[in-house]
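Student: Could you pick one part of this structure and take me through it closely? I'd like to know what it touches, and then how the rest looks by comparison.

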Amino acid sequence: MASPSTPPRSDASKIDPVLRNALRYTISAKEYKTLHEYLITRSPQALRKHAPPPARVDSIARASDDQNVAAIRASLRVFIASQTGLQIWHLIRTRILARGETQRPKGKTSILQSPNFRLSVSLSLILFLHRILFRFLTRLRSNLLSNDAAPFRRRNPRIARLLTSRLAPAVGASLAGFALGVYPADPLRATIAIYVATRAAEFAYNALAGEGWFRNQPWWWGSWMLMPLATGQLLHAFVLDRDCFPKAYGDFILSHTPNYLQRRPQTHPSSLPWPKPDTIVDSLAEMSRLHWP
């Protein structure tokens, strides 16, 4: 009696598991095909012999859940790109821009406490969680809108109405922004949060304008109104709440306003005191608090 023939092994199973996972989480099948065409085919014979063909890499990608793998791959790329960019900027700032300046010795910090590392982790987590949550909530919404979920919608009308809303995936995926808490409490984190909130308000305004909510607005109404409001709010915070104002922007204002914050004149006697720019700004804030004049 003839023994049953064993099924042929797929191309994906012939590749080493470590190499298979490394290819899945670092490069897509389309990117590997381009890389193989322009680089690997022109490499030495030893490398071409061990490199898998593009068709085999494509079979690996088709055999797995490409959406989750793509999310992890994109987050890893964001982590590597941001970490590399921050390290390059650190070298430029400490070796080139600070040339000739005396630098204070700083103690060594562990990599887990490094602000650059935690910022890269935060950005990559935001991207990963946003993709996962958006995909999950989109699938959940489509399943709840099917006929099979009609009993659930009747038993839980409020929850069903909330989860089947068109905005549910976008609003739920925005919870990924809490991953920004990985980054230390620093003015940069506040700056990123303010920027994201401002962009969200801008998108919301554009969406409402596209639906015709501002058809009868006057001719002078426009986005230019944000400039004086934002500038006034920044100057108000600079004078009255400088403890929460970005130091870099504050130094920029102080260094470019010699007409308003007078420097010590050359003819002024050195024996007499002259207020510093910070002292002048603090005096303006105190005058405002005292409602003078």
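Tutor: First, a word on what counts as a helix: helices are DSSP runs of H or I with at least four residues, strands are runs of E with at least two, and they are numbered from the N terminus. This is a predicted model, in which local features need pLDDT of at least 70 and side-chain atom pairs count only at pLDDT 80 or more, while totals for chains, interfaces and linings use all residues. Residues are numbered from 1 along each chain as its sequence is written, and side-chain values use heavy atoms, with hydrogens and water left out.

The protein chain has 13 helices and zero strands. Let's zoom in on α11, residues 226-240.

Start with the largest nonpolar core, which has seven residues: A237, F238, F245, I253, L254, L261 and V281. A nonpolar core here is a set of buried Ala, Val, Leu, Ile, Met, Phe, Trp, Tyr and Cys residues joined through side-chain atoms within 4.5 Å. Buried means under 20% relative accessible area, exposed means over 50%, and partly exposed is in between, using a 1.4 Å probe and protein chains only. Both α11 and α12 (247-255) supply at least two residues of that core. Take A237: setting aside neighbours within four places in sequence, A237 is in contact (heavy atoms within 4.5 Å) with R242 and F245.

Now the partners. The axes of α11 and α12 come within 11 Å and cross at roughly 90°. Axes are lines fitted to C-alpha atoms, for helices over the stretch in contact, and angles run from 0 to 180 degrees between N-to-C directions. On the α11 side, L234, L235 and F238 meet Y249, G250, I253 and L254 of α12. Sorted by type, this contact has six nonpolar residues, one polar and no charged. For that sorting, Ala, Val, Leu, Ile, Met, Phe, Trp, Tyr, Cys and Pro are nonpolar, Asp, Glu, Lys and Arg are charged, and the others, Gly among them, are polar.

The other partner is α13 (residues 277-289), whose axis comes within 8 Å of that of α11 and crosses at roughly 100°. So α11 is roughly perpendicular to α13 as well. Here F238, V239 and L240 of α11 meet V281, L284, A285, S288 and R289 of α13. This contact splits into six nonpolar residues, one polar and one charged. Keep an eye on F238: that residue meets α12, meets α13 and sits in the core.

For comparison, look at α5 (residues 66-97), whose 32 residues reach 44 Å from first C-alpha to last, close to the 46 Å expected; the expected span is 1.5 Å times one less than the number of residues. R73 lies in α5 and is buried, at 8% relative accessible area. Beyond neighbours within four places, R73 is in contact with R24, Y25, T26, I27, S28 and D66. R161, in α8 (residues 157-163), is exposed at 56%.

Finally, α10 (residues 187-210) has 24 residues that should span 34 Å, which agrees with its end C-alpha atoms being 34 Å apart. Just after α10, G212 takes a positive phi of about 90°. Across the protein chain, buried residues make up 19% of the 293.

Key. Angles under 35 degrees count as roughly parallel, over 145 as roughly antiparallel, 65 to 115 as roughly perpendicular and the rest as oblique.
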